[in-house]
Each structure stands twice: as structure tokens, then as C-alpha cells.
Amino acid sequence: MGDLPGLVVTGASGRMGQTLIRLATDSDRIRLVGCVERAGHAWIGQDAGVAMGGAPLGVTVTDDPLEAFATAQAVVDFTAPDATVEFAALAAQARAVHVIGTTGLEAAHLAKIEAASHHAVIVRAGNMSLGVNLLVRLTQKVAAALDADWDVEIVEAHHRMKVDAPSGTALMLGAAAAAGRGVSLDGATVSGRDGITGARERGTIGYSAIRGGDVVGEHDVIFAGMGERIVLRHLATDRAIFARGALRAAIWGQGRKPGQYDMMDVLGI
């Protein structure tokens, strides 16, 4: 087991954090060596397994990421933008592969992550699932085949606790549609509608977000023409698909050259 890459999970108490801990514990390709939570959290100082209501895992939850990363070869991070930027710098310092599933990142965050990628491997994606990344590829191909007379609308649904909109996956899909058309996404985006909006402008890419209940993640890409529609859809029913993809990325990144990669690189699609 000592030869397996050591993994640190940040945001250990979250839904994704706990899923990652369970999968890593059961994996024969990676080993859990650290769990990080924010200062003052009730889990600090506890064994991660006990904190989750199970058997001890021999890994104590800490609020010191620098210490945790020092013995790791990989860090998987589904937290918040400011925390992710801090973790990126520390993971680069430790030369650990940093897998980022955090969404809601803005330009300033992305610039700091790019700087960190000069020193270590970073795998960043708005969605870690195989199915979603195939959907992104299909979206780009369909957009390339259709002209701007076909309206593009991306509809996404997530659980009530999600704090950002549109989702990172929806933004990936919008970027894929824009790339397929050879246009700038920034200039074509319409997010939500309210009141008297006027007729839809030709060539725009629209987003609609639904929040409620415990929806794991649903994404539709609608290409609407006159008299017909094409709908590409992905439904996630278990968040373990994202955790499995993230662990796959952490393993894939071992021995790679420093730089920023995405799940398309990991999956080879």
C-alpha cells in the first residue's frame, strides 16, 4: 500500500468529501493520507472514519493543509473558490497533483490557479463524470453542424444547497456550443429571463437554472430550430460518479509534466 499515491481530501465533511473518503478507502490504486476541514470545524482532531459515523481509518482531520499536503501525491478539492486558490498554491509547493472540482471560480481565481500550474499538475473541470464530458464533446459537434438559426438553450437542475448558477457543467456546455460555432461565449450568453425581454437575438446561448430538493445534477442542451428540436441530456443520480472521476484524475496525473489539464485529457476524448 505504501507504493500507492497518497491522497488528501479537502472539505472532508461535505457530501463530496465523504464520498471521496469512502471511495479512496476502498480503492486499490490510491490511499487516503489526509483530510482537511476549515478551522473551528467540529471534525478537527477526530479520526475521519469516526467523524463519518463509522470505523476508524487512521486519518485525523486537520485544519492545516500545508502539513497535510506535505506527505501527499494528490489533493482532491471540491470546496469554495477562495479556499481552492489557497490549496492550489500549497499543492504546487508540495508538487502534488491538484484535482479541482470547485465551481464558481472567477477570473482572478483562475489566474492564480494558472500560476500554480507552472509548478505542478492541476486537473480542473466543471464536471468529473465520463457521461458529462461526452455530452460536452457532442454539444460542440452538433453546434458546429448547425447554423445560428438554431437557438441554443442550456437548462440545468441541482439540489437546493448549490450556491452558484449557472452550474460549472452548464458553463462547460455553453463554452462547447460557442466553440462549435466559432464565436465568443461572453458575447453570446443570456442568463435567465424576467419581464418584457423582447424577442430572442439570433445566435445567443441561453442558460436556465433550477434549484430544489436533492437533485444531484441534470443538464439539457436544447438546439431549437423551426419545426424541430434536438435535445442532448445527461442525468446524474449518484454523486459518486464525480468522485470516481476525480480519483481517476488524481491517479492519471501522477508523473505528468506541470500544467493545467481537464477531464478530456484524463479520459482521452
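## Helix 7 and its surroundings

Helix 7, formed by residues 168-181, has 14 residues and spans 20 Å from its first C-alpha to its last, close to the 20 Å expected at 1.5 Å a residue. The model described here is predicted. Helix 7 is mostly covered, with eleven of its 14 residues buried. The buried residues are G168, T169, A170, M172, L173, G174, A176, A177, A178, G180 and R181.

A cis peptide bond joins P166 to A165, with omega about -10°. In general, most residues other than glycine have a negative phi, and most peptide bonds are trans.

## T169 within helix 7

T169 is found in helix 7. Its relative accessibility is 3%, and T169 therefore counts as buried, since buried means under 20%. The side chain of T169 makes a polar contact of 2.9 Å with the side chain of N127. Leaving aside residues up to four places away in sequence, T169 touches G126, N127, V132 and H219.

## Helix 6

Helix 6 has 16 residues, and the distance from its first C-alpha to its last is 23 Å, close to the 22 Å expected at 1.5 Å a residue. Its buried residues include V132, N133, L135, V136, T139, V142 and A143. One of these, V132, is also touched by T169.

The buried residues of helix 6 pack against helix 7 and helix 10 (263-267), and also against strand 10 and strand 11 (228-236). An α-helix has 3.6 residues a turn, so residues three or four places apart point the same way.

## Strand 7 and its partners

Strand 7 is mostly covered: six of its eight residues are buried. Strand 7 pairs with strand 10 in the antiparallel sense, over seven bridges. Within this pairing, I154 has V221 of strand 10 as its bridge partner.

Strand 7 also pairs with strand 9, here in the parallel sense and over seven bridges. In that case A157 has I210 of strand 9 as its bridge partner.

Seven strands form an open sheet in the order 3-2-1-4-5-6-12, with parallel pairing. Its edge strands are strand 3 (61-62) and strand 12 (259-261), each of which pairs on one side only.

Within this sheet, strand 5 (residues 97-100) and strand 6 (residues 121-124) run parallel and are joined by three bridges. At this pairing, H98 stands opposite I122 in strand 6.

## Helices 4 and 5

Helix 4 (residues 81-94) lies across strand 1 (6-10), strand 2 (31-36), strand 4 (74-77) and strand 5, and it runs at about 165° to strand 5. The axes of helix 4 and helix 5 (residues 107-116) come within 9 Å and cross at roughly 10°. This angle makes helix 4 roughly parallel to helix 5. On helix 4, the contact is made by P81, D82, T84, V85, A88, A89 and A92, and on helix 5 by H109, K112, I113 and A116.

R95 is placed in the loop between helix 4 and strand 5. Phi of R95 is near 60°, a positive value in a residue other than glycine. With 54% relative accessibility, R95 counts as exposed, because exposed means over 50%.

S13 lies in the loop between strand 1 and helix 1 (15-26). The side chains of S13 and H41 are joined by a polar contact of 3.1 Å. Not counting residues up to four places away in sequence, S13 touches Q18, E37, H41 and W43.

Conventions:
Residues numbered from 1 in each chain as written. Predicted model: local features only at pLDDT ≥ 70, side-chain atom pairs only at ≥ 80, totals over all residues. Heavy atoms only, no water. Pairing = 2+ DSSP bridges. Helix = DSSP H or I, 4+ residues; strand = E, 2+ residues; numbered from the N terminus. Contact = heavy atoms within 4.5 Å. Axes fitted to C-alpha atoms, helices over the stretch in contact; angles between N-to-C directions. Polar contact = N/O pair within 3.5 Å; in protein donor to acceptor, adjacent residues only side chain to side chain. Expected span 1.5 Å × (residues − 1). Buried < 20%, exposed > 50% of the residue type's maximum accessible area, 1.4 Å probe, protein only. Parallel < 35°, antiparallel > 145°, perpendicular 65-115°, else oblique.
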